[in-house]
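Hi there,

Here is the structure I promised to pass on to you. Please open it and keep it beside you while you read my notes below.

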Amino acid sequence: MTRSVFRFLSRQPETIEIANQDYLLRLPRYADYRQWYQLRSESRSFLEPWEPSWRADEMTESAFRSRVIRNEQEFASGQAVPLFLFHKPAETLLGGLTIGHIRRGAGQNCMIGYWMGERHAGHGHMFAALKLAIPYIFSSLELHRIEAACIPENSRSIRLLEKAGFEREGYLRQYLRINGQWRDHVLFSLLSDDAVPNRKLPL
């Protein structure tokens with residue numbers, strides 16, 4: 001491990017909550033299973049075109065518990081920060097946002113991915129989540145570059161990234177296997193140098 005990784009782990013808390021008066025981003029918990037199952041099940045046809053193929057046991061409670069354990073391990077090791085997005089005050093699950101592929105050393109960058117339940121899509125919730133996550137990535141994690149990639153046909157995700165200040169960088173050929181097929185992706189990035197401290201993203 002590099003010195004920067006040791007420095008990151010030495011101050012890494014056991015859990016994390018990023019919040020404002022309306023939204024909460026936190027690590028998944030076992031108790032979230034019922035909400036997660038309901039939201040993912042009813043949104044399956046909405047989500048599948050943009051995600052890796054769902055496994056046969058995808059929605060089982062045991063698979064969810066394994067996911068929570070893996071999320072906690074990834075967070076503790078500094079590899080990723082997998083978060084659920086809730087609307088306050090009732091902590092209604094809206095979707096998820098993962099700060100993944102955290103790379104230290106000379107790179108100091110990460111990749112973000114996200115999903116939103118179908119009934120909550122189109123209401124600005126994920127944009128609000130990005131407004132919370134981006135300062136955390138640049139300030140608390142001390143990273144320099146955020147990357148995001150999406151399928152070219154995913155116009156909703158492209159508009160979201162552009163609205164949040166991401167710049168289109170290029171085209172990744174057969175970058176990820178999505179819904180059983182290798183798919184090209186458009187690559188976007190946001191640099192800490194482009195994110196003015198305390199700057200409010202446009203509504």
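To begin: are Tyr33 and Trp36 buried or exposed? Both of them are buried. Please remember as you look around that this is a predicted model.

Now for the aromatic rings. There are six aromatic pairs in total. In one of them, the ring centres of Tyr33 and Trp36 lie 6.1 Å apart with 35 degrees between their planes, so this pair is tilted. You can find these two residues in helix α2, which covers residues 33–42. Because Tyr33 and Trp36 are three residues apart there, about one helical turn separates them.

Trp36 also pairs with Phe64. That pair is tilted too, with the centres 4.9 Å from each other and an angle of 40 degrees between the planes. Here the partners come from distant parts of the chain: Trp36 belongs to helix α2, while Phe64 belongs to helix α4 (residues 61–77), 28 residues apart.

Why does Trp36 count as buried? Its relative accessibility is 2%, and buried means under 20%. Phe64 has 1% relative accessibility, so Phe64 counts as buried as well.

If you step back, you will see one aromatic cluster formed by Tyr33, Trp36, Tyr37, Phe64, Phe84 and Phe86.

Two charged residues are also worth a look. Arg65 has its charged end over the ring of Tyr30, 4.0 Å from the ring's centre. Lys163 lies over the face of Phe127, and the distance to that ring centre is 4.5 Å.

Enjoy exploring, and write back with any questions!

Best wishes

Notes. Residues are numbered from 1 along each chain as its sequence is written. This is a predicted model: local features need pLDDT of at least 70, side-chain atom pairs count only at pLDDT 80 or more; totals for chains, interfaces and linings use all residues. Side-chain values use heavy atoms; hydrogens and water are left out. Rings of Phe, Tyr and Trp (its six-membered ring) pair if their centres lie within 6.5 Å; planes under 30 degrees apart count as stacked, over 60 as edge-to-face and the rest as tilted. Helices (H or I, at least four residues) and strands (E, at least two) are DSSP runs, numbered from the N terminus. Buried means under 20% relative accessible area, exposed over 50%, partly exposed in between (1.4 Å probe, protein chains only). A charge sits over a ring if NZ of Lys or CZ of Arg is within 6 Å of the ring centre and within 35 degrees of the ring normal.
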